[in-house]
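The briefing below goes through the side-chain contacts and helices of one model, topic by topic. Please keep the sequence and the coordinates at hand while reading.

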Amino acid sequence: MEAWLAYLILGAVAGVLAGLLGIGGGLLIVPVLVWLYTHQGMDAAVITHLAIGTSLATIVPTAIASARAHHAHGAVRWDLVWRLAPGVVFGALAGATLAEFLGSEILRRVFGVFEIALALYMLIGVRPKPQRPLPGAASLSAGGGVIGLVSSLLGIGGGTLTVPYLVWFNVAVRQAIGTASAVGLPIALAGAAGFMIHGWQAQGLPAWSAGYIHGPALAGIAIASFLTAPIGARLTHRLPVPLVRRLFALLLMGLGVKMLV
């Protein structure tokens with residue numbers, strides 16, 4: 001019961017953040033799941049992969065709910081979603097494959113370094129100058145490939161990279177957030193499928209796991225995040241998003257240090 005309650009609370013918070021910032025929730029879900037799995041006594045060799053694979057699976061319903069809410073506000077550029085989708089799917093599958101060749105310890109440290117670097121970026125408040133026109137479909141798909149690979153490797157929804165990427169090409173911030181929420185769906189689907197396939201024969205997995213996807217955590221987080229993601233999307237149009245981003249950056253800093261030590 002304690003584990004189920006923890007999964008539900010984690011999902012509720014991740015859902016709000018996904019809708020509010022377009023981040024997919026994985027930046028929070030992965031380190032918290034690593035901590036929970038460690039305290040539950042799971043095999044250390046599979047903990048990080050299990051946390052990342054499960055995180056990607058939970059992003060599927062979150063992305064659907066968040067994208068629907070942003071679409072209702074007219075904030076999703078579907079023309080960009082379709083052009084980014086081929087690249088992010090290929091990249092997400094490649095990221096899941098790359099993760100299979102990295103040990104759990106190395107993967108955990110890579111994630112920690114990424115979170116700390118992202119936290120510093122968010123605290124400094126550097127923003128790409130929106131001075132460039134949108135590139136062609138091939139260039140967008142290539143950019144989507146990089147976004148998909150990194151996002152799948154780390155178990156995040158892609159908004160962390162998609163938002164600044166689109167803003168750099170002169171897309172309005174709120175539209176970039178809404179579009180990133182929709183792009184998170186193909187990333188999550190392809191990445192989760194990759195982690196499930198690569199982990200199917202892994203040793204030391206807990207009960208009710210399908211490869212590197214942990215069923216109980218997936219159910220608890222997905223249910224709660226699906227219900228709360230629309231709340232976050234609505235708050236995007238009401239709260240001072242820059243302030244929320246800086247507060248979230250401080251949380252990421254702490255989680256990144258925790259992953260490293």
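Glu-105 counts as partly exposed at 39% relative accessibility, where buried means under 20% relative accessible area, exposed over 50%, and partly exposed in between (1.4 Å probe, protein chains only). This is a predicted model, in which local features need pLDDT of at least 70 and side-chain atom pairs count only at pLDDT 80 or more, while totals for chains, interfaces and linings use all residues. Residues are numbered from 1 along each chain as its sequence is written, and side-chain values use heavy atoms, with hydrogens and water left out.

**Salt bridges**

- The structure holds 4 salt bridges, a salt bridge being a side-chain nitrogen of Lys or Arg within 4 Å of a carboxyl oxygen of Asp or Glu.
- Glu-105 meets Arg-108 in one of these, with an N to O distance of 2.5 Å, and the two residues are separated by about one helical turn because they stand 3 residues apart in helix α5 (residues 104-124); helices are DSSP runs (H or I, at least four residues), numbered from the N terminus.
- Arg-109, at 38% relative accessibility, counts as partly exposed.
- Elsewhere, salt bridges that share partners join Arg-77, Asp-79 and Arg-83 into one network.
- Within that network, the side chains of Asp-79 and Arg-77 meet at 3.0 Å, N to O; Asp-79 is partly exposed with a relative accessible area of 34%, and Arg-77 is partly exposed with 23%.
- As background, an α-helix has 3.6 residues a turn, so residues three or four places apart point the same way.

**Aromatic pairs**

- A search of the whole structure finds 4 aromatic pairs, where rings of Phe, Tyr and Trp (its six-membered ring) pair if their centres lie within 6.5 Å, and planes under 30 degrees apart count as stacked, over 60 as edge-to-face and the rest as tilted.
- Among them is the edge-to-face pair of Tyr-165 and Phe-169, with 5.1 Å from centre to centre and 90 degrees between the planes.
- Tyr-165 is buried, with a relative accessible area of 17%, and Phe-169 is likewise counted as buried, at 10% relative accessibility.
- Together with Trp-168, Tyr-165 and Phe-169 form one aromatic cluster.

**Helix α2**

- The 14 residues of helix α2 (residues 26-39) should span 20 Å at 1.5 Å a residue, and this agrees with its end C-alpha atoms, which are 20 Å apart; the expected span is 1.5 Å times one less than the number of residues.
- Helix α2 is largely enclosed by the rest of the structure, because 10 of its 14 residues are buried, including Leu-28, Val-30, Pro-31 and Tyr-37.
- After α2 comes Gly-41, whose phi is positive, near 80 degrees.

**Ala-249 in helix α10**

- Ala-249 has its place in helix α10 (residues 241-260) and is buried, with a relative accessible area of 0%.
- Leaving aside neighbours within four places in sequence, Ala-249 is in contact with Ala-119, Met-122 and Leu-123, contact meaning heavy atoms within 4.5 Å.
- From Ala-249 to Ser-104 the separation is 145 residues in sequence and 25 Å in space, C-alpha to C-alpha.
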